[in-house]
Amino acid sequence: DVVVVGGGDSALQEAAVLAHYARTVHLVHRGTAFRARAAVREVFDRAFAGRPQSLNVHWQTTVAGIEGAQGVERIALTDAHGARCVIEARAIYPCIGLEPNSAWTGLACDACGAILTEPGLSTSMPRVLAAGAVRAGFGGRLLDAERDGQAAARSALAVAGAR
């Protein structure tokens, strides 16, 4: 049994991967709804579709402590009402507070820090493209990253050919 902490893209992606290896995935989220994008939510839902009993979502809950004499053995949780419980788990994956590392670029970004792009993946700076997870509107899957890479390559070649 493992614990994943968070409710955004990274947490749901991690939980979806762990669904293939762990007996039970405990997803601890302080909110009342996931913040993950629709594409990530679809992958998450498919990962647990065949075995919903292997997912336990702890809504409005935070981690109060990690316990164990020989590594992670138990995770203490506290819910919104202050009730505390302890669950058995052998690993914890904190996926909270993750933000795109794009502020240094000086490019136009959305409220979450993802770089805004136009068709062809052009950005607010001439001849600068953005692709993958740093781009606003990124689908979140490896296939989406591959498509972004291909689109960026086509855009770069088109700009180079126009010179």
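Strands, labelled E, are DSSP runs of at least two residues, and helices, labelled H, are runs of at least four; both are numbered from the N terminus. The model on screen is predicted.

**Stop 1: His58**

Select His58, which lies in strand E3. Is His58 buried or exposed? Its relative accessibility is 13%, and buried means under 20%, so His58 counts as buried. The side chains of His58 and His26 make a polar contact at 3.0 Å. Beyond its neighbours within four places in sequence, His58 is also in contact with Leu27, Val28, His29, Leu77 and Ile87.

**Stop 2: the parallel sheet**

Colour strands E3, E2, E1 and E7. They form an open sheet of four strands in the order E3-E2-E1-E7, with parallel pairing. E3 and E7 are the edge strands, each pairing on one side only. On average, neighbouring strands of this sheet are turned by 20 degrees against each other, direction ignored.

Zoom in on E1, residues 2–5, and E2. These two strands run parallel and are joined by four bridges. Which residue of E2 is the bridge partner of Val2? The partner is Val25. Next, show helix H1. H1 packs on the sheet, where it touches E1, E2 and E7, and its direction makes about 160 degrees with that of E1.

**Stop 3: Ala91**

Go to strand E7 and pick Ala91. With a relative accessibility of 17%, Ala91 counts as buried. Leaving out residues up to four places away in sequence, Ala91 touches Asp1, Val2, Val3 and Val72. Select Ile66 as well: Ala91 and Ile66 are 25 residues apart along the chain, and their C-alpha atoms are separated by 9.6 Å.

**Stop 4: the antiparallel sheet**

Show E4, E5 and E6, an open sheet of three strands in the order E4-E5-E6 with antiparallel pairing. The edge strands here are E4 and E6 (84–88), and each pairs on one side only. Neighbouring strands of this sheet are turned by 30 degrees against each other on average, direction ignored.

How many bridges join E4 to E5? Six bridges join E4 (residues 61–67) to E5 (residues 74–79), and the two strands run antiparallel. Two pairs can be picked out by hand. Ile66 has Ile75 of E5 as its bridge partner, and Glu67 stands opposite Arg74 in E5. Then follow the chain through the hairpin of E4 and E5, which has six residues between the strands; Gly68 takes a positive phi near 150 degrees there.

**Stop 5: helix H2**

Select residues 38–49, which make up helix H2.

Now show the side chains of Val40, Phe44, Ala47 and Phe48, which are buried. Seen down the axis of H2, the buried residues fall within an arc of 85 degrees, so they line one face of the helix. An α-helix has 3.6 residues a turn, so residues three or four places apart point the same way. Turn the view to the face of H2 directed away from its buried side: this face carries the exposed residues Ala38, Arg46 and Ala49.

**Stop 6: two loops**

Start with Gln60, in the loop between E3 and E4. At 38% relative accessibility, Gln60 counts as partly exposed. Its phi is near 50 degrees, a positive value in a residue other than glycine. Most residues other than glycine have a negative phi.

Then move to the loop between E7 and H3, where Leu121 is found. Leu121 also has a positive phi, near 70 degrees, and is buried, with a relative accessible area of 7%.

Finish at Ile115, in the loop between strand E7 (91–94) and helix H3 (142–162). Ile115 counts as buried at 4% relative accessibility. Not counting residues up to four places away in sequence, its contacts include Ser102, Leu107, Cys109, Thr123, Val134 and Arg135. Ala103 is 12 residues from Ile115 along the chain, and their C-alpha atoms are separated by 8.9 Å.

Technical notes: Residues are numbered from 1 along each chain as its sequence is written. This is a predicted model: local features need pLDDT of at least 70, side-chain atom pairs count only at pLDDT 80 or more; totals for chains, interfaces and linings use all residues. Side-chain values use heavy atoms; hydrogens and water are left out. The expected span of a helix is 1.5 Å times one less than its number of residues. Buried means under 20% relative accessible area, exposed over 50%, partly exposed in between (1.4 Å probe, protein chains only). The arc is that of the directions from the helix axis to the C-beta atoms. Contact means heavy atoms within 4.5 Å. Two strands pair if DSSP finds at least two bridges between them. A polar contact is a pair of N or O atoms within 3.5 Å; within protein, one must be able to donate a hydrogen and the other to accept it, and residues adjacent in sequence count only if both atoms are side-chain atoms. Axes are lines fitted to C-alpha atoms, for helices over the stretch in contact, and angles run from 0 to 180 degrees between N-to-C directions.
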